[in-house]
Amino acid sequence: MPVLDLKSVKLHYDTFGSGPPLLLIPGADGRGSVFHDVAQYLSRHFTVVCYDRRGFSQSHLLGAQDFTNRLSIDADDASALLAHLSPEPAYVFGTSSGAIVATQLLIQHPERVRALVAHEPPAFALLPEELRIQAAGLVEHIYTLYRAQGVQAAMEVFSGGLSAGEDGARMRFCMDTTRGDEIRANSMYWFEFELRQYTSAVLDVERIVAEKAKYVPVAGSTSGDGPGVAPIALLAGKVGKEVVRLPGGHISYMVDSEVFADALLTLLKGAVKT
């Protein structure tokens, strides 16, 4: 069980395979294990790094925390982990709120990133005013529902806004608090410290544009063009690229890991050439 000791956290991580480093950054429930299935396929070509983000699962917090700068610190954690594992820049895949962390990593530590695949970041603060107000209202409604009725009631609304069908059901399963203390703690931690804070984070678009050669905006082929895809569509326009559609929806890396891994591998190989 490898652990990287940092100032205010013990960062738990796993590695699979060999080759150039590929860091996978998880979204809402923060566990690196959500990527373990897809990592088995990608490990034929990369040293795949999966980790629990700070405060989730086995990445235990140490002492006082600076929650007012948590996104920046999350990005610093990712940078420190990459520096610990390899001197060379890494490929990075981030999904959902993990894509916000990955984008912040590119902003703060561009030297650590070879190419970044940003998958459906809910960066609603970047949207035009009317859409931004609507999204903020929905997020506040979801948080209020969580405080009044619990995680499961809030997840019904949250997942419905991102994915329907099997994808939405899997999202709710991942954060089903009846599955044990770890899932319950992760879910509550995310609702308290990320749902409102990360979706309202103002990313430095100028810095992203400056690193546009490394930035690969992606969304699921079944995710449509609704609010979950609007931020990455906007960022794609800023960097002068089309949104690449990977198979499936918001968590297709869990629904059909082999198909998703093949598509991501093809995309990463293309990113090397650009």
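**Why is it called that?**

Student: What makes R31 count as buried?

Tutor: In this predicted model, R31 has a relative accessible area of 11%. Buried means under 20%, so R31 is buried. You'll find R31 in the loop between β3 (21-25) and α1 (36-42).

Student: And how do you know that the side chain of R31 makes a polar contact with the side chain of D29?

Tutor: Check the distance: the two side chains come to 2.7 Å. The cut-off for a pair of N or O atoms is within 3.5 Å, so the pair of R31 and D29 counts as a polar contact.

Student: Okay, on to helices. Why are α2 and α3 called roughly perpendicular?

Tutor: Two packed helices are described by the angle between their axes and the distance between the axes. Here the axes of α2 (residues 70-85) and α3 come within 8 Å and cross at roughly 75°. Angles of 65 to 115 degrees count as roughly perpendicular, so that's the name for this pair.

Student: Which residues of α2 and α3 meet?

Tutor: On the α2 side they include L71, D74, A78 and L82, and on the α3 side they include I100, V101 and L105. By kind, the residues of this contact are seven nonpolar, four polar and two charged.

Student: Is S57 buried or exposed?

Tutor: Its relative accessible area is 17%. The limit for buried is under 20%, so S57 counts as buried.

Student: How about S96: what is its phi, and why is S96 called buried?

Tutor: Phi of S96 is near 55°, again a positive value in a residue other than glycine. S96 belongs to the loop between β5 (90-95) and α3. Its relative accessibility is 8%, and with the cut-off at under 20%, S96 is therefore buried.

Student: Last one. Which residues have the most contacts inside the largest nonpolar core?

Tutor: That core has 37 residues, and the ones with the most contacts inside it include L23, I25, Y51 and L81. Helix α3 (residues 97-108) gives the most to this core, with seven residues. There's also a second, separate core of 28 residues, with F46, V117, I251 and L267 among them.

Student: What is L23 in contact with, leaving aside its neighbours within four places in sequence?

Tutor: Its partners include V49, Y51, A78, L81 and F93.

Key:
Residues numbered from 1 in each chain as written. Predicted model: local features only at pLDDT ≥ 70, side-chain atom pairs only at ≥ 80, totals over all residues. Heavy atoms only, no water. Core = buried A, V, L, I, M, F, W, Y, C linked by side-chain atoms within 4.5 Å. Buried < 20%, exposed > 50% of the residue type's maximum accessible area, 1.4 Å probe, protein only. Helix = DSSP H or I, 4+ residues; strand = E, 2+ residues; numbered from the N terminus. Contact = heavy atoms within 4.5 Å. Axes fitted to C-alpha atoms, helices over the stretch in contact; angles between N-to-C directions. Parallel < 35°, antiparallel > 145°, perpendicular 65-115°, else oblique. Nonpolar A, V, L, I, M, F, W, Y, C, P; charged D, E, K, R; others polar. Polar contact = N/O pair within 3.5 Å; in protein donor to acceptor, adjacent residues only side chain to side chain.
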